[in-house]
Amino acid sequence: MRIDLISKEYPPAIYGGAGVHVAELVRVLRRHIDVQVRCFGEERDEKDTFAYRHTSEFDGANGALQTMAVDLSMVSDIAGADLVHSHTWYANFAGQVAGSLHGIPHLITAHSLEPLRPWKEQQLGGGYRLSSWVERTAYEGATGIIAVSDGMRRDILRAYPQIDPNKVSVVHNGIDLEAFQAANNPDLVRANGIDPDKRSVVFVGRITMQKGLPYLIKAARELPSDVQLVLCAGAPDTPQILQEVTDLVTELRKHRDNVIWVEKHVNRAELIAILSAATVFACPSIYEPLGIVNLEAMACGTPVVATATGGIPEVVAHGETGLLVEIEQVQDGSGKPLDEAKFVSDFASALNQMLEHPKLAEFGAAGRKRVEDLFSWDSIAEQTIRVYEKAIAGNV
């Protein structure tokens with residue numbers, strides 16, 4: 001069985017959860033089957049891994065059009081594969097065209113959905129309309145779709161009601177349990193401006209509307225004065241949201257002097273050290289198909305306070321590994337809270353409840369056990385191979 005796996009992101013160029021998923025999945029799949037990776041960007045020094053770039057004719061073209069040009073450059077090379085597996089809309093076009101051209105199944109793993117990120121149209125205009133068309137066409141034509149959570153499966157069927165529910169299966173994201181575990185590294189924590197001997201609420205994520213960072217910054221007004229707010233936040237989607245976050249942090253610092261904003265991309269060792277030193281991990285997302293970063297925090301033994309949206313409730317067990325904050329959301333695809341003040345207040349209340357919980361360590365230990373039991377990459381790879389086999393046999 002030869003699988004051609006297509007992704008925009010692949011090490012060392014990873015900037016989001018989809019890239020982490022692809023890298024870990026490939027690592028384990030290659031122990032069992034032949035996997036050829038086709039990704040974007042510079043050449044990789046890795047066996048059976050091939051990188052592609054758009055040709056000079058597309059220099060200066062819209063970014064979505066450049067993506068489609070990269071996808072098309074891959075299609076001929078996919079000949080000979082038994083199945084093509086694409087990740088995110090960036091790769092869906094290549095997968096769908098290759099599947100049609102070569103007469104092989106096209107399988108999609110859904111990490112996010114364009115209809116549930118409508119603010120991108122304001123940012124990208126025609127590029128968003130192109131990405132939405134690519135995604136819809138690929139999803140409706142694919143042989144099968146893997147959703148990374150039950151919540152994501154529901155979102156897919158709501159966004160694309162023409163899709164046969166029988167072709168959408170669920171295989172959760174996973175976590176590298178050997179790499180992500182509690183590590184006491186106070187010097188590395190201090191190097192990022194954080195005091196490892198003081199309590200902290202930590203956020204890790206891109207500065208984008210779906211991650212809900214502004215709500216957390218507003219909620220931090222209600223945290224105890226001794227608690228550090230640590231924001232490992234960079235890669236803003238737009239100058240506008242960066243300015244919003246900057247203004248909120250500036251205002252918050254007028255009321256507390258322990259707001260640490262780590263704007264650089266933290267490497268894995270730094271991330272593990274910061275998560276391990278955290279008292280509570282905060283995930284205020286308003287759209288999250290699963291939330292790998294919650295798995296990473298739990299693997300490091302850190303309790304999580306997170307929004308009860310998308311796939312997050314499948315990761316965070318309320319009252320056991322952390323607390324879930326309920327949210328009533330606008331039904332226009334944006335996911336914004338209907339009552340922002342209530343959501344902010346509820347999130348602050350949950351953070352304070354967790355910070356003062358007498359059995360905080362038990363929450364952390366339960367989180368570690370949960371990821372060990374349910375989210376190992378060996379288990380995820382086994383489930384993925386079963387989906388491959390069904391698709392190739394025509395049983396999806």
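Predicted model: local features only at pLDDT ≥ 70, side-chain atom pairs only at ≥ 80, totals over all residues.

Colleague: Fine. By class, what is in the lining of the second largest pocket?

Modeller: The lining of that pocket has eight polar, five nonpolar and four charged residues.

Colleague: And what is its volume? Which residues lie nearest its centre?

Modeller: The volume of the second largest pocket is about 390 Å³. Of the 17 residues that line the pocket, Asp155, Arg158, Thr309, Gln329 and Gln331 lie nearest the centre.

Colleague: Switching to charges. How many salt bridges does the structure hold?

Modeller: There are 23 salt bridges in the structure. One of them pairs glutamate 42 with arginine 53, with 3.0 Å between the closest N and O atoms. Glutamate 42 sits in the loop between β2 (34-40) and β3 (49-52), and arginine 53 in the loop between β3 and α2 (63-75), so the bridge ties together parts 11 residues apart in sequence.

Colleague: Are glutamate 42 and arginine 53 buried or exposed?

Modeller: Both glutamate 42 and arginine 53 are exposed.

Colleague: What about arginine 190, which residue does it meet in a salt bridge?

Modeller: Arginine 190 meets aspartate 197, at 3.5 Å from N to O. Arginine 190 is partly exposed, at 41% relative accessible area, whereas aspartate 197 is exposed at 65%.

Colleague: Which residues do salt bridges with shared partners join into one network?

Modeller: Glu24, Arg27, Asp176 and Arg268 are joined that way.

Colleague: Now the buried parts. Why is helix α11 described as largely enclosed?

Modeller: Eight of the eight residues of α11 (residues 292-299) are buried, so the helix is largely enclosed by the rest of the structure. The buried residues include Asn294 and Glu296, along with Ile292 and Met298.

Colleague: What covers the buried residues of α11?

Modeller: The cover includes the helices α1 (17-29), α10 (268-277) and α13, and the strands β8, β11 (280-283) and β12 (304-307). Just after α11, glycine 301 has a positive phi of about 80 degrees.

Colleague: And strand β5, which way do its residues point?

Modeller: His106, Ile108 and Ala110 point one way, Leu107 and Thr109 the other, and all are buried. Five of the five residues of β5 (residues 106-110) are buried, so the strand is largely enclosed by the rest of the structure. Strand β4 (residues 83-87) runs parallel to β5, with four bridges joining them. Histidine 87 stands opposite threonine 109 in that arrangement.

Colleague: Last one. Where is histidine 21, and what does it touch?

Modeller: Histidine 21 is in helix α1, and it is buried at 3% relative accessible area. Leaving out residues up to four places away in sequence, histidine 21 touches His87, Thr109, His111, Asn173, Ile292 and Trp377.

Terms used
Residues numbered from 1 in each chain as written. Heavy atoms only, no water. 1 Å grid on protein atoms, 1.4 Å probe; cavity = no way out; pocket = protein on both sides within 12 Å on 5 of 7 lines; lining within 4 Å. Points joined across faces, edges and corners; volume = space filled by probe spheres on them. Nonpolar A, V, L, I, M, F, W, Y, C, P; charged D, E, K, R; others polar. Salt bridge = Lys/Arg side-chain N within 4 Å of Asp/Glu carboxyl O. Helix = DSSP H or I, 4+ residues; strand = E, 2+ residues; numbered from the N terminus. Buried < 20%, exposed > 50% of the residue type's maximum accessible area, 1.4 Å probe, protein only. Contact = heavy atoms within 4.5 Å. Pairing = 2+ DSSP bridges.
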